[in-house]
Amino acid sequence: MPNNRMNKTIAGYHLLMILSAVDFRVTGRKDAVIRHYLASEFPFNVNLDKQMEVISSLRPDEWERHYLKAMDDFYDDATEEECRNLLQFAIILAKADDVITQRENHFLNLLFENWFNDSINSPSA
């Protein structure tokens, strides 16, 4: 993918799509979580064919690099509440097939550690 910056909502879509793919098991329940995210973020129907093309063109060994870029792009435009909301979608997505694989856990931890690491050590956490 070119170094074009993604807007927050598109970056969130990329994050969830990659997270849904890392265990190589796509289920209807995972798809439903992503559809719910899209419905909450896009108040109108949007064509995501180009985004899906970008995501599907990635090889599994490129997923983490792209995920990190999408994570940074999302974070740059998001409030803390929006980051927490996306993390919740990500957790629900990973749990959708009743199994959180080691790979899914790794990708969830990337979000948590990069976005909320400061709050881990704070007294109010």
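1. Gly-12 counts as buried, since its relative accessibility is 0%; buried here means under 20% relative accessible area, exposed means over 50%, and partly exposed is in between, with a 1.4 Å probe and protein chains only. Gly-12 sits in helix 1, where helices are DSSP runs of H or I with at least four residues, strands are E runs of at least two, and both are numbered from the N terminus. Setting aside residues up to four places away in sequence, Gly-12 touches Tyr-37, Phe-74 and Leu-86 (contact: heavy atoms within 4.5 Å). The C-alpha atom of Gly-12 is 17 Å from that of Leu-58, a residue 46 positions away along the chain.

2. A word on the ground rules. This is a predicted model, in which local features need pLDDT of at least 70 and side-chain atom pairs count only at pLDDT 80 or more, while totals for chains, interfaces and linings use all residues. Residues are numbered from 1 along each chain as its sequence is written, and side-chain values use heavy atoms, with hydrogens and water left out.

3. Now the core. The largest nonpolar core has 39 residues, and Leu-15, Phe-74 and Trp-115 touch the most other members; such a core is a set of buried Ala, Val, Leu, Ile, Met, Phe, Trp, Tyr and Cys residues joined through side-chain atoms within 4.5 Å. Two or more residues each come from helix 1 (8-21), helix 2 (28-41), helix 4 (63-77), helix 5 (80-95) and helix 6 (102-120). Helix 1 supplies the largest share of this core, with 9 residues. Beyond its neighbours within four places in sequence, Trp-115 is in contact with Leu-15, Met-71, Phe-74, Tyr-75, Cys-83 and Leu-86.

4. Helix 1 against helix 4: their axes come within 8 Å and cross at roughly 150°. Axes are lines fitted to C-alpha atoms, for helices over the stretch in contact, and angles between N-to-C directions run from 0 to 180 degrees. The crossing of this pair, helix 1 and helix 4, is left-handed (the near helix is turned anticlockwise from the far one by less than a right angle; clockwise would be right-handed). By class, the contact of helix 1 with helix 4 has 10 nonpolar, 3 polar and 3 charged residues; Ala, Val, Leu, Ile, Met, Phe, Trp, Tyr, Cys and Pro count as nonpolar, Asp, Glu, Lys and Arg as charged, and the others, Gly among them, as polar.

5. How do helix 1 and helix 5 pack, and at what angle? The angle is about 25° and the axes are 10 Å apart. Helix 1 and helix 5 are therefore roughly parallel; angles under 35 degrees count as roughly parallel, over 145 as roughly antiparallel, 65 to 115 as roughly perpendicular and the rest as oblique. The crossing of helix 1 with helix 5 is right-handed. From helix 1, Lys-8, Gly-12, Leu-15, Leu-16, Leu-19 and Ser-20 meet Glu-82, Leu-86, Phe-89, Ala-90 and Leu-93 of helix 5. That contact of helix 1 with helix 5 has 7 nonpolar, 2 polar and 2 charged residues.

6. Helix 3 (residues 49-56) packs on helix 1 at about 45°, with axes 11 Å apart. Helix 1 and helix 3 are therefore oblique to each other, and helix 1 passes helix 3 in a right-handed crossing. Ile-10, Tyr-13, His-14 and Met-17 of helix 1 and Gln-51, Met-52, Val-54 and Ile-55 of helix 3 make the contact. Its residues are 6 nonpolar and 2 polar, with no charged ones.

7. Two backbone spots to look at. Phe-24, in the loop between helix 1 and helix 2, has a positive phi of about 60° although it is not a glycine. Phe-24 is exposed, at 62% relative accessible area. Asp-98, in the loop between helix 5 and helix 6, is not a glycine either but has a positive phi of about 70°. Asp-98 counts as exposed at 60% relative accessibility.

8. Finally, Arg-25 lies in the loop between helix 1 and helix 2 and is partly exposed at 36% relative accessibility. Not counting residues up to four places away in sequence, Arg-25 touches Ser-20, Lys-30, Asp-97, Val-99 and Thr-101. The C-alpha atoms of Arg-25 and Asp-97 are separated by 8.5 Å, with the two residues 72 apart along the chain.
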